[in-house]
Amino acid sequence: MFIESTEFPFLAPLAHDWQSVRDELLALRSSYFMQWPERDIYQGNWSVFGLYNFGNRIDEHCALCPRTAKLVGDIPGLVTAGFSSLSPGTVIAPHVGYTNQVLRSHLGLVTPEGCAIRVGRDTRSWSPGSCFVFDDTTEHEAWNRGDSTRVVLLLDFKRDLHSNVHFPDRVLAYKPVSGKP
């Protein structure tokens with residue numbers, strides 16, 4: 001079940017300036033990325049470069065992507081933000097998120113053929129600059145059946161700006177790589 005991104009006007013600047021975001025992504029070295037910590041839900045290589053982790057800005061990473069950091073920093077209720085990379089052959093198994101207090105958004109940056117995501121009964125592919133939103137607690141899965149890496153900017157933002165978002169302790173224990181990449 002996807003939600004039209006137009007319902008969230010604060011996402012429009014990201015979609016408008018997606019090429020700047022992509023350019024900052026492409027300037028990063030692959031060694032800056034870390035494996036997605038929940039290794040039991042995927043096969044292959046799923047890696048991330050975090051900018052915000054559970055509401056906390058990762059200053060060292062944001063300094064490497066100042067335009068992207070500014071754009072995501074302006075999103076009300078931002079909880080997490082970062083680049084999500086799926087190498088060819090990677091499959092993320094059907095799963096559900098941890099809390100219905102956030103919505104997830106993907107901004108397509110590097111979008112080869114053969115990549116898609118299923119949320120509920122709906123399946124979509126990414127295209128450069130495409131932006132969509134979905135409820136992470138709806139069963140979803142993603143795959144890269146193409147021959148090159150897919151990268152999106154992944155965001156979680158609060159459904160209700162005045163709520164406190166609660167994640168399981170085991171999830172909060174995941175820490176981004178500290179220090180300068």
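Hi everyone, let's start with a pair of side chains: D74 and K70 meet in a salt bridge, with 2.7 Å from N to O. Before I go on, please keep in mind that this is a predicted model.

How exposed are these two partners? D74 is partly exposed, with a relative accessible area of 48%, and K70 is partly exposed too, at 45%. Both values fall in the partly exposed class because that class lies between the buried limit of 20% and the exposed limit of 50%.

Let's stay in this part of the chain and look at helix 4, which covers residues 66–73. Which of its residues are buried? They are T68, A69, L71 and V72. These four span an arc of only 165 degrees around the axis, so they sit on the same side of helix 4. A reminder for anyone new to helices: an α-helix has 3.6 residues a turn, so residues three or four places apart point the same way.

Now back to salt bridges. How many does the structure hold? There are ten. One of them joins R57 and D59, whose closest N and O atoms are 2.8 Å apart. R57 counts as partly exposed, at 42% relative accessibility, and D59 is partly exposed as well, with a relative accessible area of 47%.

Next, please find D156 and R104 on the screen. They form a salt bridge, and their closest N and O atoms are 2.7 Å apart. This pair links distant parts of the chain: D156 belongs to strand 13 (residues 150–158), R104 belongs to strand 8 (residues 102–110), and the two residues are 52 residues apart. Are they buried or exposed? D156 is buried, and R104 is buried too.

As for R118, its bridge partner in strand 10 is T123.

Methods. Residues numbered from 1 in each chain as written. Predicted model: local features only at pLDDT ≥ 70, side-chain atom pairs only at ≥ 80, totals over all residues. Heavy atoms only, no water. Pairing = 2+ DSSP bridges. Buried < 20%, exposed > 50% of the residue type's maximum accessible area, 1.4 Å probe, protein only. Arc of directions from axis to C-beta. Salt bridge = Lys/Arg side-chain N within 4 Å of Asp/Glu carboxyl O.
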